[in-house]
Amino acid sequence: MLQTIQGIYKNGKIELAEVPQNISESQVFVTFFKPQLVTLSSQIMSFGMFLGSQQSTDSDFKDAEFNGDPDDGLDWS
């Protein structure tokens, strides 16, 4: 069975994003992708980023924030 897990090569070591399931030892192949700079701004909602006649407001951003509310009905345990 093959499993693909994303990771990062840094300072001579490979850091896996997750632990492979049901594998204690295995041969691996490592493929290096051309480095790409990831800008934080491309991952964050920004003011006016959605097209349309109505622009985002500061209150829209406050509504979208996650505050870990204990009474939000979401079970995070």
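Colleague: Why is Ile14 called partly exposed?

Modeller: Ile14 has a relative accessible area of 47%; buried means under 20%, exposed means over 50%, and partly exposed is what lies in between, with a 1.4 Å probe and protein chains only, so Ile14 counts as partly exposed. This is a predicted model, in which local features need pLDDT of at least 70 and side-chain atom pairs count only at pLDDT 80 or more, while totals for chains, interfaces and linings use all residues. Residues are numbered from 1 along each chain as its sequence is written, and side-chain values use heavy atoms, with hydrogens and water left out.

Colleague: What is the average pLDDT of the chain?

Modeller: pLDDT is the predictor's confidence in each residue, from 0 to 100, and the chain averages 77, with 75% of the residues at 70 or above.

Colleague: What makes up the pattern of the chain, read along the sequence?

Modeller: The pattern is β-β-α, since the chain holds two strands and one helix, where helices (H or I, at least four residues) and strands (E, at least two) are DSSP runs numbered from the N terminus. Among these elements, helix α1 (residues 58-64) has the lowest mean pLDDT, 79, whereas β2 has the highest, 89. Ile14 lies in that strand β2, which covers residues 13-16.

Colleague: How do you know that strand β1 and β2 pair, and how many bridges join them?

Modeller: Two strands pair if DSSP finds at least two bridges between them, and strand β1 (residues 7-10) is joined to β2 by four bridges, the two running antiparallel; therefore they meet the rule. Among the partners, Ile8 is bridged to Glu15 of β2, and Gly7 to Leu16 of β2. The two strands form a hairpin with two residues between them, and Asn11 in the turn has a positive phi of about 55 degrees.

Colleague: Is Asn11 buried or exposed?

Modeller: Asn11 has a relative accessible area of 74%, which is why it is called exposed. Asn22, in the loop between β2 and α1, is not a glycine either, yet has a positive phi of about 60 degrees, and at 76% relative accessibility Asn22 also counts as exposed.

Colleague: How many aromatic pairs does the count come to?

Modeller: The count comes to one, the rule being that rings of Phe, Tyr and Trp (its six-membered ring) pair if their centres lie within 6.5 Å, with planes under 30 degrees apart called stacked, over 60 edge-to-face and the rest tilted. Tyr9 and Phe32 form this pair, at 5.3 Å centre to centre and 90 degrees between the planes, and it is edge-to-face. The pair links distant parts of the chain, as Tyr9 is in strand β1 and Phe32 is in the loop between β2 and α1, 23 residues apart.

Colleague: What makes the nonpolar surface patch?

Modeller: Tyr9, Ile14, Leu16, Val28, Val30 and Phe32 make a patch of about 640 Å², the area coming from the Shrake-Rupley method with a 1.4 Å probe, in which, for residues, only the protein chains shown count as cover. Patches are made of residues with over 30% relative accessible area and no salt bridge, like charges being joined within 9 Å and nonpolar side chains (Val, Leu, Ile, Met, Phe, Trp, Tyr) within 5 Å; a salt bridge is a side-chain nitrogen of Lys or Arg within 4 Å of a carboxyl oxygen of Asp or Glu. Tyr9 stands at 48% and is partly exposed, while Phe32 stands at 56% and is exposed.
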